[in-house]
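Here is a short note for a colleague who is new to this model. Please keep the structure open while reading the points below.

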Amino acid sequence: MGFAAISRGNATAPLRSIGGFFAMALDTLLAIPRRPFYFREFLLQSWFVARVSIMPTLLLSIPFCVMVVFTFNILLVEFGAADFSGTGAAYGTVTQIGPVVTVLVVAGAGATAMCADLGARTIREELDALKVMGINPIQALVVPRVLAATLVAMLLSSVVVLVGIVGSFAFSVFIQNVTPGAFAAGITLITGTAEVVIALIKAALFGLAAGLIACYKGISVGGGPAGVGNAVNETVVYTFMALFAINIIASAVAVEATL
């Protein structure tokens with residue numbers, strides 16, 4: 001009987017985790033418009049996530065964009081359409097590279113740090129102390145972090161797009177001998193306001209998912225310091241899995257909306 005009970009408990013553990021995550025996510029979304037809003041905590045978390053993410057984002061965006069543009073330009077040269085390299089660079093950077101690179105860095109740097117911070121607070125029973133004092137930990141700790149991750153992801157996505165287009169321009173013009181005027185003229189050929197708005201929405205969804213996953217793993221941690229380390233590792237894995245799922249769904253919806 002004991003073995004059977006343990007087996008049933010292990011089998012239902014993932015379902016309980018999924019249910020707990022969606023319950024916390026719903027509580028967080030419902031708590032966002034409510035008072036009090038801990039604005040100082042929101043500013044501190046926004047600055048923290050931006051500070052630890054800005055340099056890795058810039059360093060990662062350049063090789064990603066150059067790699068895509070280099071491969072795409074080879075195809076265009078074969079077709080005799082190298083002057084359209086700006087079109088591919090802008091569309092690929094705005095719709096895919098910007099949001100994806102941003103969330104990779106936010107998940108690998110900002111989200112893990114948020115998970116470790118909340119995990120340390122959890123094992124020190126600080127969240128229980130807040131509840132005793134009548135303070136909702138979701139309102140005081142989770143909401144500012146989730147909003148900070150969402151905001152910073154949107155801002156970093158814009159930076160990645162700008163750096164990616166500039167780097168692609170330099171690489172195409174000076175390495176692959178593309179005409180500067182043709183590259184600049186092709187940037188807005190198929191990339192307009194709709195694509196930029198969709199890219200920002202995707203980045204916001206990525207940041208929201210990363211923040212929710214990090215906060216849930218942080219407040220549900222157990223097993224002492226070792227459990228915090230495991231939660232940090234799980235945050236990265238689950239965030240990357242959510243990234244690809246959200247990217248596929250958002251890209252499909254965006255294609256249907258822009259047709």
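1. Arg124 and Glu126 form a salt bridge, with their closest N and O atoms 2.8 Å apart. A salt bridge here is a side-chain nitrogen of Lys or Arg within 4 Å of a carboxyl oxygen of Asp or Glu. Glu126 is partly exposed, at 28% relative accessible area. (Buried is under 20%, exposed over 50%, partly exposed in between, with a 1.4 Å probe and protein chains only.)

2. A word on the basis. This is a predicted model, numbered from 1 along each chain as its sequence is written. Local features need pLDDT of at least 70, side-chain atom pairs count only at pLDDT 80 or more, totals for chains, interfaces and linings use all residues, and side-chain values use heavy atoms, without hydrogens and water.

3. The whole structure holds 6 salt bridges. In one of them, the side chains of Arg145 and Asp117 meet at 2.6 Å, N to O. Arg145 sits in helix H5 (residues 137-174) and Asp117 in helix H3, 28 residues apart. (Helices are DSSP runs of H or I, at least four residues, and strands are runs of E, at least two, numbered from the N terminus.) Arg145 is buried, at 0%, while Asp117 is partly exposed, at 27%.

4. Lys217 and Glu234 also pair, at 2.5 Å from N to O. Lys217 belongs to helix H7 (residues 193-219) and Glu234 to helix H8 (residues 224-258), so the bridge ties together parts 17 residues apart in sequence. Lys217 is buried, at 15%. Glu234 is partly exposed, at 31%. Elsewhere, shared partners join Glu41, Asp117, Arg121, Arg124, Glu126 and Arg145 into one network of salt bridges.

5. Now look at H3 itself. Of its 39 residues, 28 are buried, so the helix is largely enclosed by the rest of the structure. H3 bends by about 50° at Thr93. (The bend is the angle between axes fitted to the seven residues ending at a residue and the seven starting there.) Glu125 follows H3 and has a positive phi, near 65°.

6. How many disulfides are there? The count is 0, taking a disulfide as a pair of cysteine sulfur atoms within 2.5 Å. For Cys115, the nearest cysteine sulfur is that of Cys215, 8.6 Å away. Cys115 is buried, at 0% relative accessibility. Cys215 is buried too, at 0%.

7. Finally, Phe84 lies in the loop between helix H2 (39-79) and helix H3 (85-123). Phe84 is partly exposed, at 45%.
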